[in-house]
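The exercises below are meant to be worked with the sequence and the structure side by side. Each gives a task, and a solution follows step by step.

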Amino acid sequence: MSAAALETVGLGKRYLRRWALADCTFRIPRGHVVGLVGPNGAGKSTLLNLAAGLLAPSAGSIEVLGEQPARDAAQLARVGFVPQDAALYGRLSVEDHLRLGAHCNPLWDAVAAHARLAELGLSPRQRAGKLSGGQRAQLSLTIALAKRPELLLLDEPVASLDPLARREFLGLLMSTVAGRDVSILLSSHLVSDIERVCDYLIVLVDSSVRVAGEIEELLTGHHRLVGTRSTDDVAPSNQTVISASVTDRQRLLVVRSDGPVVEPEWVIESITLEDLVLAYMGQGAVRQVALPTTQATT
Amino acid sequence: MTWLAWRQLRTQAAVAALGIVVVLVALGVTGPHLLHVYDSVVVPCAAHGDCFSVTAHFQALDSQLRQPCSTLMLLAPVLFGIFLGAPLIARELESGTYRLAWTQSVTRTRWIATRLTLVMLMTAVLMGLLSTAVTWWQRPLDLVNSTLWLNFDQRDVVPVAYAVFAIALGAFLGAIARRTLVAMATTIAGYFGVRYVVSEYVRPNLFAPLRASLPFRLRVTSTGTGTEAGIGAPQPNDWVVSNQIVTGTGRAVGENGGDRPEWCLGWLQREGQRDGSVHRRRSVPEPDPRVPWRASFAPHRGDAGSPPALHRQLPLA
């Protein structure tokens, strides 16, 4: 039995008095592409930095691939990290960055790294400081991938990219790792990025994990209930209400249930990933949608 | 890892090496002349005794190079600290590149150890070259200098040690400040602060000073008061760290010990004596110039019957 890609128990990180991450307990099995989603400042970067071993936990514990992060060189070799804003040495050339990787990583795949750069059309002599945002992200990813990691951590890899570059970056990421035995944990504040590539979701809000699980299971296990304003007093039974909102004409609930939902007072709809994430973010399904079924519930 | 450490260092290393080469050339061009003058003028004068004017003239030679040399030996170590030490960690933290550096298959401990070792090694080599050259160039001048202890931290291995210290200080402050500019500024302040404390408070107390007291006679004339013999260090190159006038029983005269013989005039007047005899009580072995002396100057009431005198005693501590 292999260890989890990432396992935390009561994990917390405090900056002075503020807890950036508090009491996080979850376990991500290997082999998933995990999306870590949450609003800005929710603690996504903190969690990824803890996983990369750049930060030490203030409370609880974290294990990456069954080991304490950054415990030794061997553990570091198993994890690839693409930091936010693609931290690169501005004065070093693209080529120098590959040399850096080759000198600092025993499992370095120089052939693949060079091939990838050629594919991207990056000139080896170009200084990293003069690259565009997309190119920087790609170079950063190339370095992380050439380490041949078992787990790849990406901290907001596409946050600074335009929509086209985002699509390209994520597409290349997925095609590169296709068929390779690598787990991926990628953070974003945009659900659309996650939806495109991930099969596992973690929602992080206000320093704590709200929900974690395989996206498919989450989508089948959550429902959107639509009722009129007068269905107020008819609470759904055996459901966990994630969010509730009221508009002029209707009431919307997002509920979690393990079995089939039978609620005669409510119109039951399947939920989109975005609605699900929004519900957990505590914002509720605030979009006012005039549904044709509104009157049918009465 | 060594590759990365060297790659991040090599530009600064080249600039530092270039600067040092310029200094070496300047010293190499002027040094032989200085040596020649010393051999042909200063050494022979010792034969006919009066060397004062010759020495003074010799010391004025190349003064436009000597002052910068002295300044350079004070400043060069801190320049290494500012430009190599301070950014070592601070720049990585500031620009975020630590996230790249620390997530390769190299532990942070090895990362910092490799970088510090390389930077300190290079600094030691370059500073060693510079210090050797300056020490060689200054040697003829040092031979006629009577305040060598002033130059102690500008010769031989001491500037090298200061440079390595400046690197460590810069790296440490950079890790705390996390800002390159702040680290640089605090490195300058810290370096000169430490140098001041070391030269003012640590160096004089590193070894127990030799204590000596010499008798002297105070002479009061119409123009003022003076001593017959100069009350200074027993030997040239002695470093006088304390200079007091004390009574024969060792009591310091006046609250501050009265470091000038004139100041104890009032005491002498009270004693009813204004002059006495001068004699050096004992000869003092020539000390190492780096060992500080603590001289006590003692107004001394002589044996009964003989005139009381001011004694500058120099008993070895």
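**Exercise 1. Find the bridge partner of Val34(A) in strand 8 of chain A, and then describe how strand 8 is placed between its partners.**

Solution. The bridge partner of Val34(A) in strand 8 of chain A is Tyr200(A). Strand 3 (residues 33-37) of chain A and strand 8 of chain A run parallel and are joined by 4 bridges, where two strands pair if DSSP finds at least two bridges between them. Helices (H or I, at least four residues) and strands (E, at least two) are DSSP runs, numbered from the N terminus.

Next, follow Tyr200(A) into strand 9 of chain A, where its bridge partner is Glu214(A). Strand 8 of chain A and strand 9 (residues 208-214) of chain A run antiparallel, with 6 bridges between them. The hairpin that these two strands form has 2 residues between the strands, and in it Asp206(A) takes a positive phi near 45°.

Finally, consider burial: 5 of the 6 residues of strand 8 (residues 200-205) of chain A are buried, and the strand is mostly covered. A residue is buried if 20 or more other C-beta atoms lie within 10 Å of its own, exposed if 12 or fewer, and partly exposed in between, with C-beta atoms placed from the backbone.

The model is a predicted one, in which local features need pLDDT of at least 70 and side-chain atom pairs count only at pLDDT 80 or more, while totals for chains, interfaces and linings use all residues. Residues are numbered from 1 along each chain as its sequence is written, and chains are lettered from A and ligands numbered from 1 in the order in which they are written.

**Exercise 2. Work out the strand order of the open sheet of 3 strands in chain A, and say which helix packs on it.**

Solution. The order is 2-1-4, and the pairing is antiparallel. At the edges are strand 2 (18-28) and strand 4 (59-64) of chain A, each of which pairs on one side only. Neighbouring strands of this sheet are turned by 25° against each other on average, direction ignored.

Strand 1 (residues 6-15) of chain A pairs with strand 2 of chain A in the antiparallel sense over 7 bridges, and Thr8(A) stands opposite Phe26(A) in strand 2 of chain A. The helix that packs on the sheet is helix 1 (residues 44-52) of chain A, which touches strand 1, strand 2 and strand 4 of chain A, its direction making about 115° with that of strand 1 of chain A. Here axes are lines fitted to C-alpha atoms, for helices over the stretch in contact, and angles run from 0 to 180 degrees between N-to-C directions.

**Exercise 3. Is Asp258(A) buried or exposed?**

Solution. Begin with its location, which is the loop between strand 12 (250-256) and strand 13 (267-270) of chain A. Asp258(A) counts as exposed because it has 9 C-beta neighbours inside 10 Å. From C-alpha to C-alpha, Asp258(A) and Leu172(A) are 36 Å apart in space, and they are 86 residues apart in sequence.

**Exercise 4. Describe the crossing of helix 6 and helix 7 of chain B.**

Solution. The axes of helix 6 (residues 158-177) and helix 7 (residues 180-206) of chain B come within 8 Å and cross at roughly 135°. That angle makes helix 6 of chain B oblique to helix 7 of chain B, given that angles under 35 degrees count as roughly parallel, over 145 as roughly antiparallel, 65 to 115 as roughly perpendicular and the rest as oblique.

The residues in contact (C-beta atoms, placed from the backbone, within 7 Å) include Leu169(B) and Leu173(B) of helix 6 of chain B and Val182(B) and Tyr191(B) of helix 7 of chain B. By class, this contact has 7 nonpolar, 6 polar and no charged residues; Ala, Val, Leu, Ile, Met, Phe, Trp, Tyr, Cys and Pro count as nonpolar, Asp, Glu, Lys and Arg as charged, and the others, Gly among them, as polar.

**Exercise 5. How many residues does each chain bring to the contact between chain A and chain B?**

Solution. Chain A gives 22 residues and chain B gives 14 residues. On the side of chain A that touches chain B, helix 2 (73-78) and helix 3 (94-104) of chain A each supply at least two residues, and the largest share, 6 residues, comes from helix 3 of chain A. By class, that side of chain A has 14 nonpolar, 3 polar and 5 charged residues.

Technical notes: Contact = placed C-beta atoms within 7 Å.
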